[in-house]
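I opened the file and kept notes as I went. The entries follow in the order I looked things up.

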Amino acid sequence: MSEPTPPDTSSAPADEPYCKRHIFFCLNHRSSGDACCAALPAQQGFDRCKALVKDKGLNGKGQVRVNKSGCLDRCAGGPVAVVYPEGVWYTFVDDGDIDEIVESHLIGGQVVGRLQLPDDVGR
Ligand code: FES
């Protein structure tokens, strides 16, 4: 009987995730007039976050990724964004809120409690 073949780990996930943190901004638009993040300052928040992350040199492998998203099913709290891997949901109104999310959470790992979306906010 031969020895078992060791598993091929060449395609296994690396010890470090490709992105340390990932933030998704809902930019969904509804032409029906129903609540949607695109009718609120969602695009401004995304643009501000993307620019800040780039300016601070936080983009790239092993760092922070800022992405657009379709509806995240929490429209009543819009505009919304979610940060992974922690799974922390935020709502925001202006550039100062985005600056705080970037500085405190994306860089410092500290959740911004005052901007957290309550758990019971849905569509
Ligand atoms: S439209 Fe943004 S969460 Fe639904």
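Which elements do the buried residues of α2 pack against? I first noted that this is a predicted model, where local features need pLDDT of at least 70, side-chain atom pairs count only at pLDDT 80 or more, and totals for chains, interfaces and linings use all residues. Residues are numbered from 1 along each chain as its sequence is written.

I found that the buried residues of α2 pack against β1 (21-26), α1 (42-55), β2 (64-69), β3 (80-84) and β4 (88-91). I took helices (H or I, at least four residues) and strands (E, at least two) as DSSP runs, numbered from the N terminus. Helix α2 covers residues 95-107, and its buried residues are Asp97, Ile98, Ile101, Val102, His105 and Leu106. I called a residue buried if 20 or more other C-beta atoms lie within 10 Å of its own, exposed if 12 or fewer, and partly exposed in between, with C-beta atoms placed from the backbone. Just after α2, I noted glycine 109, which has a positive phi of about 75°.

Next I looked at the whole protein chain. I listed two helices and four strands, in the sequence pattern β-α-β-β-β-α. Of the 123 residues, 25% are buried. I then took contacts (C-beta atoms, placed from the backbone, within 7 Å). Among those between residues at least 6 apart in sequence, 61% join residues at least 24 apart.

Last, I looked up glutamine 44, which sits in helix α1. Why is glutamine 44 partly exposed? I classed glutamine 44 so because 16 other C-beta atoms lie within 10 Å. Its C-alpha atom is 9.9 Å from that of leucine 27, 17 residues away along the chain.

Conventions
Two residues are in contact if their C-beta atoms, placed from the backbone, lie within 7 Å.
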